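Subject: Structure for your review

Dear colleague,

I would be grateful if you could read the account with the model open beside you.

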Amino acid sequence: MTAIEENKRKTGWVVILTAVTMVIEIIAGWLTGSMALLADGIHMGSHVLAIGLSWAAYVLVQRLSANPSFTGDRDKVLTLSGYTSGLILLIFAGMIIAGAIGRFVNPRVIEYREAILIAFIGLGVNILSAFLLHHDHDDGDTNIRAAYLHVLADAVTSVAAIAGLTAAMIWGLPYIDAIAALISSAVIIRWSIGLLRDAGRELIS
C-alpha cells in the first residue's frame with residue numbers, strides 16, 4: 001500500500017467516525033432538548049467538512065496519477081488541500097475567540113455536568129481520530145498533517161473546556177470557561193500559522 005493510499009484510508013475512517021458522532025449528538029440533542037448536544041453535533045460537522053477535504057484530495061491525486069495525460073505535480077494538490085485546511089483552522093480559532101468574548105459581555109447560565117460530559121465525548125472521539133491519523137512527521141505530506149492538526153485542535157478545545165468548566169463549576173466563576181477557550185484558541189492559531197507557512201513555501205517552490 002502506497003503512502004497516499006494509506007493516508008486516504010486513515011482520513012476516510014476519521015471522516016466516518018466524526019460523521020457518526022455528529023449524527024448521534026444531533027439526534028440526542030433533538031430528542032433530549034439539549035442545545036449543548038445539538039450545538040456540539042453541528043460543530044462536528046465543520047470537522048467532517050475539513051477532514052473530508054483532506055480525504056477528497058487523496059482521491060483526486062489517485063485519479064490524476066492514473067491519468068497518463070496529467071503532467072502536473074500531484075503533491076501540489078495535497079499541499080493546497082493542507083493550506084486550505086490551515087485557513088479553516090484559523091477561522092475555527094476566530095470563532096472560538098468570538099464566542100469567548102461574547103461570554104464575557106453576555107454571561108449565561110451553563111449546564112456544567114452536561115457540558116462536561118459532551119466535552120469528554122468529543123475528547124474521546126478526537127483521541128481515537130488522532131491515533132488513526134498518526135503518521136511520520138518527516139514525510140512532507142501537509143495534507144495528512146492538516147487533518148491531524150484538526151483533530152488535535154479539537155482535542156485541545158475539549159481539554160480546555162473540561163478544565164475550564166470543572167473549575168467554573170467548583171469555584172462558581174463562569175468566566176474561567178471563556179479564559180480556557182481563549183488559551184486553546186491561541187494554541188490553534190500558532191499551529192495553523194505554522195501549517196500555512198510550511199504549505200505556502202511548498203506551493204511557491
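Glu-6 and Arg-9 form a salt bridge, with their closest N and O atoms 2.6 Å apart. A salt bridge here is a side-chain nitrogen of Lys or Arg within 4 Å of a carboxyl oxygen of Asp or Glu. The two residues are three apart in helix H1 (residues 3-32), and therefore about one helical turn separates them. Helices (H or I, at least four residues) are DSSP runs, numbered from the N terminus. Glu-6 is partly exposed at 23% relative accessibility, and Arg-9 is also partly exposed, at 39%. Buried means under 20% relative accessible area, exposed over 50%, and partly exposed in between (1.4 Å probe, protein chains only).

Please note that this is a predicted model: local features need pLDDT of at least 70, side-chain atom pairs count only at pLDDT 80 or more, and totals for chains, interfaces and linings use all residues. Residues are numbered from 1 along each chain as its sequence is written, and side-chain values use heavy atoms, with hydrogens and water left out.

A second salt bridge joins Asp-198 to Arg-145, where the closest N and O atoms are 2.6 Å apart. Asp-198 lies in helix H6 (residues 175-204) and Arg-145 in helix H5 (residues 142-171), so the pair ties together parts 53 residues apart in sequence. Asp-198 also meets Arg-197 in a salt bridge (3.9 Å, N to O). In the whole structure, the search finds four salt bridges.

Yours sincerely
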